[in-house]
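Please open the model in a viewer and keep the selection tool at hand.

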Amino acid sequence: MSALDERPAEAACELAEALARLNQQTGLWQSYLAVHRRITEQLADEMLAEHQLPLEWFDVLVHLADLPGMRARQKELRDRMLLSESGVSRLLVRMEKAGVITRSTAGDDRRGMEITVTEAGQAALLAAIDSHLQLVASLFTDRLTATDRAALSRVLPKLLAKRDAIWSL
């Protein structure tokens, strides 16, 4: 057998070992992703079926409603939602066409856009909140014991902490 014939077999063996390590060391992470995906899909399906409101729109409306005047600069909203500039722009165009937000040039900076919740957006958000709370409870909160919730309350802030803050400890 030549050296060329041995290399693909070596590479396959290395890959198999790396995949075994990956599967062994990321089980909790994979479970977290599966739970997040399942709950998010169920929330999205329910929001669309009951309120004809995409979950992403609900998220935007919640973020905006939580701000003074229910308005924000597009960049601020993008940063809060962790979307790309083009992703948030396309999302906001669809929301504006549906009449749940308005987009206007920011008064102090003609380059910036200001996003505001409309009365229709406020009504859509208000109509969706109670069923969203019930669904979050049935899919997540009610399935956890008080001890589970307390543990998550301690753990989640650690995962949200900025990486630099963790590394400086």
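By class, the residues that line the largest cavity are 3 nonpolar, 3 polar and 1 charged; here Ala, Val, Leu, Ile, Met, Phe, Trp, Tyr, Cys and Pro count as nonpolar, Asp, Glu, Lys and Arg as charged, and the others, Gly among them, as polar. To display this lining, select Leu-43, Glu-46, Met-47, His-51, Ser-131, His-132 and Leu-135. A cavity is defined on a 1 Å grid over the protein atoms alone, as a set of points where a 1.4 Å probe fits but cannot get out, and lining residues have an atom within 4 Å of a point. The space in the largest cavity is about 30 Å³, where a volume is the space filled by probe spheres set on the points, and grid points are joined across faces, edges and corners. The structure holds 1 cavity of 30 Å³ or more.

The model is predicted: local features need pLDDT of at least 70 and side-chain atom pairs count only at pLDDT 80 or more, whereas totals for chains, interfaces and linings use all residues. Residues are numbered from 1 along each chain as its sequence is written, and side-chain values use heavy atoms, with hydrogens and water left out.

α2 (27-51) and α6 (119-139) each supply at least two residues of the cavity lining, and α2 gives the largest share, 4 residues. Helices (H or I, at least four residues) and strands (E, at least two) are DSSP runs, numbered from the N terminus.

**The largest pocket**

A pocket is an open set of grid points with protein on both sides within 12 Å along at least five of seven lines. About 1,300 Å³ of space lies in this one. Two or more lining residues come from each of α2, α4, α6 and α7 (146-160). Which element gives the largest share of this lining? It is α2, with 12 residues. The lining of the largest pocket divides into 20 nonpolar, 5 polar and 3 charged residues.

**The nonpolar core**

Next, select Val-60, Leu-61, Leu-64, Leu-92, Met-95 and Ile-101, the residues with the most contacts inside the largest nonpolar core, which has 26 residues. Such a core is a set of buried Ala, Val, Leu, Ile, Met, Phe, Trp, Tyr and Cys residues joined through side-chain atoms within 4.5 Å. Buried means under 20% relative accessible area, exposed over 50%, and partly exposed in between (1.4 Å probe, protein chains only). The elements that each supply at least two residues of this core are α2, α3, α4 (74-81), α5 (85-98), β3 (113-117) and α6. The most comes from α3, with 6 residues.

Centre the view on Leu-92. Leaving aside residues up to four places away in sequence, Leu-92 touches Val-60, Gln-74, Leu-77, Ile-101, Arg-103 and Ile-115, a contact being heavy atoms within 4.5 Å.

**Salt bridges**

Side chains of opposite charge can pair when their charged atoms come close. A salt bridge is a side-chain nitrogen of Lys or Arg within 4 Å of a carboxyl oxygen of Asp or Glu, and by this rule the count comes to 7.

- Select Arg-71 and Glu-114, whose side chains meet in a salt bridge at 2.8 Å, N to O. The pair joins strand β1 to strand β3 across 43 residues and so links distant parts of the chain. Arg-71 is partly exposed, at 38% relative accessibility.
- Select Lys-75, Arg-78, Asp-79 and Glu-85, which are linked in a network of salt bridges. Within it, the closest N and O atoms of Glu-85 and Arg-78 are 2.2 Å apart. Glu-85 is partly exposed at 38%, whereas Arg-78 is buried at 17%.
- Select Glu-14 and Arg-7, a salt bridge with the closest N and O atoms 3.4 Å apart. Glu-14 is partly exposed, with a relative accessible area of 44%, and Arg-7 is partly exposed at 44%.

**Two loop residues with positive phi**

Finally, select Gln-52, in the loop between α2 and α3 (55-65). Its phi is near 50 degrees, a positive value in a residue other than glycine. Gln-52 counts as exposed because its relative accessibility is 57%. Met-70 has a positive phi of about 50 degrees although it is not a glycine. Is Met-70 buried or partly exposed? Met-70 counts as partly exposed, at 23% relative accessibility.
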